[in-house]
Structures are given as C-alpha cells and as structure tokens.
Amino acid sequence: MKLLCSIIVLFTVSLYAVETYSQTYLISQQGTVTTCAGNFYDSGDSGGNYSNNEDFSMTFKPATSGAMLQFIFSSFTLESQPSCNKDYFRIYNGENISAPQIGGDYCGTNSPGTVTATNPTGALTFVFHSNASEVYSGWVATINCSIPI
C-alpha cells in the first residue's frame with residue numbers, strides 16, 4: 001500500500017511538472033512547431049517590442065492526435081491603422097496560408113482573443129508583418145490543445 005501511495009504521489013508530481021513547464025515560441029523562429037502547451041510571442045519575447053521590417057510566418061500543429069490547437073491572446077498591441085496595412089497579424093485555419101483566414105487582419109489593440117482550429121489537422125498558421133515606422137509590444141498568447149467532443 002505504501003508503495004502504491006508513493007507511485008501515485010510521484011505520478012501526480014510528474015504531471016504537475018509537465019503542465020507547469022511551458023515552452024516559449026517566438027514568431028521569429030519561423031517554421032513548424034508541434035506542441036500542445038506553451039507561450040507564443042512576437043519577436044520581442046515577453047518583455048520587449050517587435051522590430052521594424054519583419055516578415056515572419058509560423059505554423060503550429062497539435063502534439064495530440066485528434067486535438068485542436070487553441071491560442072488565448074492575453075495581450076495584443078501593434079501599430080494602429082484603419083486598413084491594417086502597416087503592421088498586421090494574420091491567422092489561418094490550417095497548415096499554411098492557403099487555408100481560410102480567421103477574422104481578417106489584426107492590428108492596433110484589436111486582439112484575436114481566443115482562437116481555436118476547426119480544420120481536420122487541428123493546425124493554425126500565423127503571419128506577422130511590420131513596416132519601417134513604429135514598433136509596439138506585440139502579443140502574448142497561451143497555447144493549449146482541446147479535444148473536440
């Protein structure tokens with residue numbers, strides 16, 4: 001019985017350690033990432049501003065089969081422009097920019113909020129562009145996977 005209790009405690013602590021450790025992903029890393037947990041930031045990371053003249057894209061795929069990636073944006077500030085043609089952020093519901101775009105272009109403080117993939121792969125692709133004028137704090141998003149019912 002004591003051994004069983006020790007195993008349960010060890011297992012619980014291990015799960016807690018896995019859930020509390022989160023990987024940091026910067027859009028400037030580009031490419032494709034497979035994950036179900038972490039934090040997603042602009043090129044300035046959690047405490048800095050993004051830079052001028054950036055053009056980055058990054059695709060996220062779920063690490064769990066059948067899961068849908070979910071990004072929860074808790075902070076979002078880019079250069080503001082009515083047409084979002086200076087600095088903009090785009091989200092595509094799939095593995096590349098050929099997938100349908102979610103919500104149009106985001107700029108200023110028009111945050112995407114919570115975005116969940118609805119495509120068969122569960123993937124999301126992000127595109128960021130900044131021009132040569134002003135820079136801002138960018139974004140902070142938490143990454144999760146959700147399992148559809």
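In what order do the four strands of the open sheet stand? The legends below take up this sheet, a second sheet and the core. The model is predicted, with local features requiring pLDDT of at least 70 and side-chain atom pairs pLDDT 80 or more, whereas totals for chains, interfaces and linings use all residues. Residues are numbered from 1 along each chain as its sequence is written, and side-chain values use heavy atoms, without hydrogens and water.

**View A. The four-stranded open sheet has mixed pairing.** The order is β2-β4-β8-β6, where strands are DSSP runs (E, at least two residues) numbered from the N terminus and two strands pair if DSSP finds at least two bridges between them. β2 (31-35) and β6 are the edge strands, each pairing on one side only. β2 and β4 run parallel and are joined by five bridges, and Val 33 stands opposite Phe 60 in β4.

**View B. Five strands form a second open sheet, also of mixed pairing, in the order β1-β3-β9-β5-β7.** Because β1 (24-26) and β7 (114-116) each have a single partner strand, one side of each is left without a neighbour in the sheet. β5 and β7 pair in the antiparallel sense over three bridges, and the bridge partner of Gln 70 is Thr 116 in β7.

**View C. The largest nonpolar core has 25 residues.** Such a core is a set of buried (under 20% relative accessible area, 1.4 Å probe, protein chains only) Ala, Val, Leu, Ile, Met, Phe, Trp, Tyr and Cys residues joined through side-chain atoms within 4.5 Å. Phe 40, Phe 60 and Phe 71 are among those with the most contacts inside this core, and β5 gives the largest share, five residues. Phe 71 touches (heavy atoms within 4.5 Å) residues including Phe 40, Phe 60, Leu 124 and Phe 126, not counting residues up to four places away in sequence.

Note on methods:
Buried means under 20% relative accessible area, exposed over 50%, partly exposed in between (1.4 Å probe, protein chains only).
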